[in-house]
Amino acid sequence: MEAKRFHRLMGCASALYFIGSATVAQAQDAELPFVPVLTIGNTALINDDVIANADGSFTVLGNQQGGLVNGQPIWDLTWDLTLNQDPSIAGSLILTNLTTTTRNFNMAFSLPVTPAFSPSLFGGSITATVTDANGNLTATMAPIAISPSIYRGTIDGLTVLSLLGADITCTGTLPGCSSTSTDDFGLPGPTLPGPAVNSAIGIFLNFSLSAGDRVTFNTSFVVEPPPAVPLPAALPLLLSGMGALAIRRRRITPAS
């Protein structure tokens, strides 16, 4: 993992060098001004890198293994997520089941939001690709019993959007088959009316993955206040005219 981190750091450093010193679009090894909650199961994810982007968002990257069966890790997870307190969460995740049995997994990504706002508009998306990583010619990912869908978008911990409620399976005559499924709602936009956002938004992924196989997610959840409704262009002139007329009428009304 150290080698992987070294190469990533060198690649980002090279990119920043060619951008030039006059306009730097990103800041490497930044500090997050907020505290997101990024977990898989009961394990908190520790970011290898944090990048401050020019639009005020932050990209967090990392690779981690965790869980133990007979002293061996259960999963390997790589993530590349962009967090924006506008607010939105978007990015990619690659999870490999390192065991010889089908396993249930849950991943939660929560972003604190400030200031609060009400009401809201929201939308989300997910693309999942399941790959036969152990060479046995098949791979399957599925929702698990406690959840009707693999993806859940949350506002203040409550589910407001559920996506991808079907199994994804591939089979092949050669090792390495893959199968992809996509689901989205309320995008582009966001367009779905939602509740007040008081503290946080989040993405929760909950699924089973076949032994030795890999799933790649590209996912997003966006929440915004509704746009302000502009006044009609002629309304200020109309109000101004009505005010002037009222003043004129007061001036010409004879005293009793």
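This is a predicted model: local features need pLDDT of at least 70, side-chain atom pairs count only at pLDDT 80 or more; totals for chains, interfaces and linings use all residues.
Q: Which cysteines does the disulfide join?
A: The disulfide joins Cys170 to Cys177, with an S to S distance of 2.2 Å. The torsion about their S-S bond is about 60°, so the disulfide is right-handed.

Q: Is Cys170 buried or exposed?
A: Buried means under 20% relative accessible area, exposed over 50%, and partly exposed in between, using a 1.4 Å probe and protein chains only. Cys170 has a relative accessible area of 5%, so Cys170 is buried, and Cys177, with 10%, is buried as well.

Q: OK, zooming out, how many helices and strands are in the protein chain?
A: The protein chain has two helices and 17 strands, where helices (H or I, at least four residues) and strands (E, at least two) are DSSP runs, numbered from the N terminus. Of the 256 residues of the chain, 39% count as buried.

Q: And the largest nonpolar core, which residues touch the most other members?
A: A nonpolar core is a set of buried Ala, Val, Leu, Ile, Met, Phe, Trp, Tyr and Cys residues joined through side-chain atoms within 4.5 Å. Of the 49 residues in the largest one, Met141, Leu205, Phe207 and Phe217 touch the most other members. Strand E6 (residues 72-84) gives the most to this core, with six residues.

Q: What is Phe217 in contact with?
A: Contact means heavy atoms within 4.5 Å. Leaving aside neighbours within four places in sequence, the contacts of Phe217 include Met141, Leu205 and Phe207, and also Gly91, Ile126 and Ile150.

Q: Switching to Ser120, where is its place?
A: Ser120 is in strand E9 (residues 120-131), and its relative accessible area is 2%, so Ser120 is buried.

Q: What lies 2.6 Å from a polar atom of the side chain of Ser120?
A: That is the backbone oxygen of Pro195. Pro195 is also one of the residues in contact with Ser120 once neighbours within four places in sequence are left aside, and Val223 is another. The C-alpha atoms of Ser120 and Val223 are separated by 6.5 Å, although these residues are 103 residues apart along the chain.

Technical notes
Residues are numbered from 1 along each chain as its sequence is written. Side-chain values use heavy atoms; hydrogens and water are left out. A disulfide is a pair of cysteine sulfur atoms within 2.5 Å. A polar contact is a pair of N or O atoms within 3.5 Å; within protein, one must be able to donate a hydrogen and the other to accept it, and residues adjacent in sequence count only if both atoms are side-chain atoms.
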